Amino acid sequence: MAGATGPKRQDTRKFFENLSGAGKCIAVLTSGGDAQGMNGAVRAVVRMGTYVGAKVYFIHEGYQGMVDGGDYIKEATWESVSSVLQVGGTVIGSARCKEFRSHEGRLKAAHNLVQRGITYLCVIGGDGSLTGANLFREEWSGLLNELIEQGLIDEEAARSHSQLHIVGMVGSIDNDFCGTDMTIGTDSALHRIIEVVDAIMTTAQSHQRTFVLEVMGRHCGYLALVSALACGADWVFIPEMPPEDGWEDNMCQKLSENRADKKRLNIIIVAEGAIDCHNKAITPDYIKDLVVSRLGFDTRVTILGHVQRGGTPSAFDRILASRMGVEAVLALLEASTDTPACVVSLVGNQAIRLPLMECVQMTQEVQKAMDEKKFDEAVRLRGRSFENNLSTYRLLASQTARSELQNSSFNVAVMNVGAPAAGMNAAVRSAVRVGITEGHKMFAVNDGFEGFYKGQIKEIKWGDVGGWTGQGGSLLGTKRTLPAKHLDEIAEQMRIHNITALLVIGGFEAFESLLELYEARANYKEFCIPMCILPATISNNVPGTDHSLGADTSLNAIVETCDRIKQSASGTKRRVFIIETMGGYCGYLATVGGLAAGADTVYIYEEPFDIRDLQANVEHLTQKMKTSIQRGLVLRNENCNENFTTDFIYQLYSEEGRGVFDCRKNILGHMQQGGAPSPFDRNFGTKVAAKAIQWITKTLKESYKEGRVFTNSEDTACLLGMRRRAMVFQPVAQLREETDFVHRIPKEQWWLKLRPLMKILAKYKTSYDVSDAGQLEHVTRVRPKENDASAAI
């Protein structure tokens, strides 16, 4: 796949080669409502299970199939999950099953599993499905005794199947399960909603209309809340935040204020389960009638319904599902008699395991709190991701009349630096509006530092950034120019406009720029102000953060193209595509794109490879062509090797594969930088910018002495990044040590751990460090205060 993995270190790591699946039987089922990405999870379970030598079974039609047995429980093969990664829904079917709720139903199910030797169960579904699985496990030994009494199995069978191990993965578009930041399917559902909102916005704009959109979420307002954040909706109704009495007046006032501000459209988003403070349902039709009767606005209702469950899974859901599926198999292999049933989940950027029943109980407590009208408690129990979204929404939807805002006498400049990245505009909008709410005067700098030294700086108001969230590229304009050669002019412009804080949104150049300004503080007092970077680059190559703004949109563009290319190959058969991705020297897009698109091989700079590796890869594809999967996908990062160019690899594969497969090459180029931002990038940009402005406000107050702002400590020139589970402000001076400036990449990159995963799913034998995995954690209720500030995005 690619050779060396760097120098050997003192080996305290734990490798999964020691975990064997030989003689074990794992069954996988999907249950409850379907969600995009379930197939990715099924594929990962089947391939990882097969890889470790276990037998893997599909249980078709959820628990119904387990009860009915027969052909519903079939052995799965490596090839049987080929081409399912890009398919929405679940290919093994899902059903809601009444029979499994009865004792007799579970007895039948137990008999069917024992007959096939299955004692490991992987359940993909919502909290109902997982609760059912746990009950089944608790009853297992009793069920076996009953089967012995009925003469259906013998004592030996009962002894060899005495333990049932269960691991759950949460597949639900509502994101309503406690203990995980994202459930499988949520991101894809947001994609569907945002596609619809973007389409509706153009028609609403033409006719000056108000649109009321109903999205799914009977008990959980996550989809409504995040889509409202991601499209800049005027108003949102969710079950967790019932509006106070008199909300009708407030809403109508806000809608008419927005129209007066020359806004040509209004968007109102309603969750299916929206209620007022008297527990009365708030329906889209009620809102429509209200707007029409009070304001006379032309108003339309759109109910999204099952569109949200459909379509192809987003890149995020494919990666999430693949990581979870592999983690689930590891959890099953490591399960012992005393480990409780667990669920694999995602916190921040980390896959973790939590006791299944703790999560289920917490999820049920949310509903209980809502039934008792303890809405703040319900929001807290929902977890930090939900809480953060809500606080950002409240911040941006600040009801304070703008004339009443306190003026702080601080001037904050916002700018973009480097190449354009999707989500930059969402971040600028959020920064400007939160800044104005905090009382600052906000200034926009056009065309990066080039515009800065030329004086292209002007005040930017609340209404100037309306409708920016869904726009791709950089509306402020961005350039790669670094400030070092123009420090005098930049300092002069800062004096002229009395800039007291700087927010830079950009990629590696933004990081270098801030370092240059920080180092120039000794000579220029103008730079002794709070400065903050938000990493925004499709390459995801900025030190100090696991995720950069724009990378998710770019991954989706890559994955969408790879899907189409794979489709064309499945028609012609025996064809291998070599695809070149961007990223400079950083292999993030190629690796993670490869994992999400189901690539056979990915070449990157960080993992050196030689001609022998290329030869082995060709041989691997030759073997693959003998199976029923007659196509190949090879990704190559643009700078992975100066001699093994895309052309060279294409020619080598063409020559070596002659008579077995033919090749085509494709360079994706700048389409990876364009397009409307994904929901993740809109939301991430909105939240990190709000957080950055709050930090700037705090730092400004701390450094305001004797009528002016002055600070030269290193912790006032920071980068705000996502590190594993938290959002952290890190001084750029300290990040210098973590950076390879020649190749413009961080020295350590978390996603390299995903490479073995990708190789395993492509049938390569490899070593996989699982020391990070495996620790069963517990659901935390009250988080330490200092962590609140750095809660997950």
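The exercises below concern this predicted model, and each is followed by a worked solution.

**Exercise 1. A covered helix**

Task: State how many residues of helix α7 (residues 222-231) are buried, and identify elements that cover them.

Solution. 

Step 1. Ten of the ten residues of α7 are buried, and the helix is mostly covered.

Step 2. Among these buried residues are Tyr222, Leu225, Ser227 and Cys231.

Step 3. The covering elements include the helices α6 (186-207), α13 (384-396) and α22 (679-702), together with the strands β6 (210-215), β7 (235-237) and β8 (266-271).

Step 4. After α7 comes Gly232, which has a positive phi near 65°.

**Exercise 2. Aromatic rings**

Task: Describe the geometry of the aromatic pair formed by Phe100 and Phe136, and locate both residues in the chain.

Solution. 

Step 1. The structure contains 20 aromatic pairs. In the pair of Phe100 and Phe136, the ring centres are 5.3 Å apart and the planes make an angle of 65°, an edge-to-face arrangement.

Step 2. Phe100 belongs to the loop between β3 (73-75) and α3 (103-115), whereas Phe136 belongs to helix α4 (residues 127-149). The pair thus links distant parts of the chain, 36 residues apart.

Step 3. Phe100 and Phe136 are both buried. Together with Tyr63 and Trp140, they form one aromatic cluster.

Step 4. The charged end of Arg259 sits over the ring of Phe297, 4.3 Å from its centre, and that of Arg382 sits over the ring of Phe386, 5.9 Å from its centre.

**Exercise 3. Salt bridges and accessibility**

Task: For the salt bridges Glu156 with Arg159, Glu509 with Arg744 and Glu607 with Arg755, find where the partners lie and classify each residue as buried, partly exposed or exposed.

Solution. 

Step 1. The whole structure holds 34 salt bridges. Classification requires the cut-offs: under 20% relative accessible area is buried, over 50% is exposed, and values in between are partly exposed.

Step 2. Glu156 and Arg159 meet at 2.8 Å, N to O. Both lie in helix α5 (residues 155-160), three residues apart, about one turn of the helix. Glu156 has a relative accessible area of 44% and is therefore partly exposed, while Arg159, at 54%, is exposed.

Step 3. Glu509 and Arg744 meet at 2.9 Å, N to O. Glu509 lies in helix α17 (residues 508-519) and Arg744 in the loop between β26 (739-740) and β27 (745-746), so the pair ties together parts that are 235 residues apart in sequence. Glu509 is buried because its relative accessible area is 7%, and Arg744 is partly exposed because its value is 28%. These two residues also belong to a network of salt bridges with Arg480 and Glu512.

Step 4. In the bridge of Glu607 with Arg755, the closest N and O atoms are 2.9 Å apart. Glu607 lies in the loop between β19 (601-603) and α20 (611-624), and Arg755 in helix α24 (residues 755-761), 148 residues away. Glu607 is buried because its relative accessibility is 7%; Arg755 is buried as well, because its value is 1%.

**Exercise 4. One residue in its surroundings**

Task: Decide whether Thr561 is buried or exposed, and name its contacts beyond its neighbours within four places in sequence.

Solution. 

Step 1. Thr561 is located in helix α18 (residues 551-572).

Step 2. The relative accessible area of Thr561 is 17%, so this residue is buried.

Step 3. Leaving aside the neighbours within four places in sequence, Thr561 is in contact with Leu668 and Met671.

Technical notes
Residues are numbered from 1 along each chain as its sequence is written. This is a predicted model: local features need pLDDT of at least 70, side-chain atom pairs count only at pLDDT 80 or more; totals for chains, interfaces and linings use all residues. Side-chain values use heavy atoms; hydrogens and water are left out. Helices (H or I, at least four residues) and strands (E, at least two) are DSSP runs, numbered from the N terminus. Buried means under 20% relative accessible area, exposed over 50%, partly exposed in between (1.4 Å probe, protein chains only). Contact means heavy atoms within 4.5 Å. Rings of Phe, Tyr and Trp (its six-membered ring) pair if their centres lie within 6.5 Å; planes under 30 degrees apart count as stacked, over 60 as edge-to-face and the rest as tilted. A charge sits over a ring if NZ of Lys or CZ of Arg is within 6 Å of the ring centre and within 35 degrees of the ring normal. A salt bridge is a side-chain nitrogen of Lys or Arg within 4 Å of a carboxyl oxygen of Asp or Glu.
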